[in-house]
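Please read the following report with the sequence and the 3D structure side by side, and look up each residue as it is named.

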Amino acid sequence: MADEGNAITVRDLSHGYETPGGRLTVLDCVSCDVARREVVAVTGASGAGKSTLLALLGGLEPPQSGTVRVAGRDLAVLSGDDLAAYRREAIGFVFQDYGLLGQLTALENVELALTLGRVPRARRRVRARDLLASVGLASRGEHRPRALSGGENQRVAIARALANTPEVLLADEPTGNLDATATVAILDLLAGLPREHGCTLVVVTHDPAVAARADRVLALVDGRFGP
């Protein structure tokens, strides 16, 4: 399948779960393309399939039917070490609840991602400091999450997601826990990532202000993309 120019190519993707009441179809024959360095917002009501789509793109769940190609990889054929390498090297994750380790400093949280990415020790501290500086936290590296604001913690999480130079960044409600001021700052930061770091950004959101900052919006309605 040709996906030249695309970071993500999805074709006829269906996915569901067995429930006591029968099978629940979450995604129903979904297809889409996302260009390299594009910012795409995926919107929809609760239960529309947004987080399931993000999990499939991130290799957290295997596709049940259809094709998912991300960063040149066919996710249906990846397993074991190859799938772990894909998640470690090609994808960066940003979550609503930050996902930082409370016992580590901001710098150590970013360094941990570099350790998992097998970056040599001599380079880890330098890269972690550079990444924190790039998200406006050059002076906050020795602070632990509890000493940082919500917006600052999300900046640390974004720096960590960028640690191994991912081709695609997946963000699940990245401003859901933030106040209005912090939301604007994080949106400004996210919008600049494709230009500054060369990555593609897919953000799941229910917030119209977040969707308005994307290059394109894909609206999920009952498991399908609407018009």
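## T52 in helix α1

T52 sits in helix α1, which covers residues 50–57; helices here are DSSP runs of H or I with at least four residues, strands are runs of E with at least two, and both are numbered from the N terminus. T52 counts as buried because its relative accessible area is 12%, where buried means under 20%, exposed means over 50%, and partly exposed lies in between, with a 1.4 Å probe and protein chains only as cover. When its neighbours within four places in sequence are left aside, T52 is in contact with H15, Y17, V26 and L27, contact meaning heavy atoms within 4.5 Å.

The model is predicted, so local features need a pLDDT of at least 70 and side-chain atom pairs count only at pLDDT 80 or more, while totals for chains, interfaces and linings use all residues. Residues are numbered from 1 along each chain as its sequence is written, and side-chain values use heavy atoms, with hydrogens and water left out.

How many of the 12 residues of α5 are buried? The helix is mostly covered, with 11 of its 12 residues buried, and among them are G151, E152, N153 and Q154. The cover over the buried residues of α5 includes β6, α3, α4, β7 (168–172) and α6 (180–197). From its first C-alpha to its last, α5 reaches 16 Å, close to the 16 Å expected at 1.5 Å a residue; the expected span is 1.5 Å times one less than the number of residues.

In α3, the buried residues include A106, L107, N109 and V110, and what covers the buried residues of this helix includes α4 and α5. After α3 comes R118, whose phi is positive, near 60 degrees.

## Salt bridges

The structure holds 11 salt bridges, each being a side-chain nitrogen of Lys or Arg within 4 Å of a carboxyl oxygen of Asp or Glu. One of them joins E18 and R23, with the closest N and O atoms 3.2 Å apart; E18 is exposed at 61% relative accessibility, whereas R23, at 46%, is partly exposed. R88 and E89 also meet through their side chains, at 3.5 Å from N to O, and E89 is partly exposed at 40% relative accessibility.

A further salt bridge lies between E142 and R129, at 3.8 Å from N to O. This pair links distant parts of the chain, since E142 is in the loop between α4 (121–134) and α5 (150–161) and R129 is in helix α4, 13 residues apart. R129 is partly exposed, at 41% relative accessibility.

## An aromatic pair

The structure holds one aromatic pair. Because the rings of F93 and F95 have their centres 5.9 Å apart and their planes at 5 degrees, this pair is stacked; rings of Phe, Tyr and Trp (its six-membered ring) pair if their centres lie within 6.5 Å, and planes under 30 degrees apart count as stacked, over 60 as edge-to-face and the rest as tilted. F93 is buried at 18% relative accessible area, whereas F95 is partly exposed at 35%.

## A nonpolar surface patch

L101, L112 and L116 form a nonpolar patch on the surface, and together they have about 240 Å² of accessible area, a value from the Shrake-Rupley method with a 1.4 Å probe, in which only the protein chains shown count as cover for residues. Patches are made of residues with over 30% relative accessible area and no salt bridge, like charges being joined within 9 Å and nonpolar side chains (Val, Leu, Ile, Met, Phe, Trp, Tyr) within 5 Å. L101 lies in the loop between β6 (91–95) and α3 (106–116), and L101 counts as partly exposed because its relative accessibility is 34%.
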